[in-house]
Amino acid sequence: MTDIVKRQIIEALIFASDDPLPAKKIKELVDPQLTIKEVRNTINEVNKIYEEIHSPLQVIEIAGGYQIVTRKQYADWINKLYQSRTQQRLTQKGLETLAIIAYKQPLTKQEIEQIRGVNSDGVIRTLIERNLI
């Protein structure tokens, strides 16, 4: 596997992860022979490429892992995006999940999913974004 392919895989993994992805997990997924230092160097390369092409994205280290985020200068536009999302009405799924939480709290995501019978990641994320839970 070439260095370019490793860099692309690491970038894709960080992009696809919902939560910050620890260097140790990246190492395990890509190549157990990699060192943590090599993973970090590769992430630095990704950031250099983002800077060279004036990308609005960057990779940051947060909460013990890495995450792709937008740069601060784009915050006003990103806020506009989320403001328009919060002005929309809740879906039936959102109302159902909110009712379960209100009635049974405190409870875990797994308990919500057990009651609803389906994955609730997106609905819970929406409720959190709207500061409802």
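A: Met 1 has a relative accessibility of 60% and therefore counts as exposed, the cut-off being over 50%. The model is a predicted one. Met 1 sits in the segment before helix 1. Together with Val 5 and Ile 9, Met 1 makes a nonpolar surface patch of about 260 Å².

Helix 1 runs over residues 3–16, 14 residues in total, and spans 20 Å from its first C-alpha to its last, close to the 20 Å expected at 1.5 Å a residue. Its buried residues are Lys 6, Arg 7, Ile 10 and Ile 14. These four are on the same side of helix 1, because they cover an arc of only 100 degrees around the axis. An α-helix has 3.6 residues a turn, so residues three or four places apart point the same way. The buried residues of helix 1 pack against helix 2 (23–30), helix 3 (36–52), strand 1 (57–62) and strand 2 (65–70). Phe 15 and Ala 16, on the other side of helix 1, are exposed.

One of the buried residues, Lys 6, is charged, and its relative accessible area is 17%. Its side chain meets that of Asp 31 in a salt bridge, with an N to O distance of 3.8 Å. Since Lys 6 belongs to helix 1 and Asp 31 to the loop between helix 2 and helix 3, the pair ties together parts that are 25 residues apart in sequence.

Beyond helix 1, in the loop between helix 1 and helix 2, comes Asp 18. Asp 18 is exposed, with a relative accessible area of 54%, and its side chain forms a salt bridge with that of Arg 125 at 3.7 Å, N to O. Arg 125 lies in helix 7, so this pair ties together parts that are 107 residues apart in sequence. At 40% relative accessibility, Arg 125 is partly exposed.

The count of salt bridges comes to five. Another of them joins Glu 113 and Lys 109, whose closest N and O atoms are 2.8 Å apart. Both residues lie in helix 6, four residues apart, about one turn of the helix. Glu 113 counts as buried at 17% relative accessibility, while Lys 109 is partly exposed at 32%. Lys 109, Glu 113 and Asp 121 are linked in a network of salt bridges.

Methods: Residues are numbered from 1 along each chain as its sequence is written. This is a predicted model: local features need pLDDT of at least 70, side-chain atom pairs count only at pLDDT 80 or more; totals for chains, interfaces and linings use all residues. Side-chain values use heavy atoms; hydrogens and water are left out. Helices (H or I, at least four residues) and strands (E, at least two) are DSSP runs, numbered from the N terminus. The expected span of a helix is 1.5 Å times one less than its number of residues. Buried means under 20% relative accessible area, exposed over 50%, partly exposed in between (1.4 Å probe, protein chains only). The arc is that of the directions from the helix axis to the C-beta atoms. Contact means heavy atoms within 4.5 Å. Patches are made of residues with over 30% relative accessible area and no salt bridge: like charges are joined within 9 Å, nonpolar side chains (Val, Leu, Ile, Met, Phe, Trp, Tyr) within 5 Å. Accessible areas come from the Shrake-Rupley method with a 1.4 Å probe; for residues, only the protein chains shown count as cover. A salt bridge is a side-chain nitrogen of Lys or Arg within 4 Å of a carboxyl oxygen of Asp or Glu.
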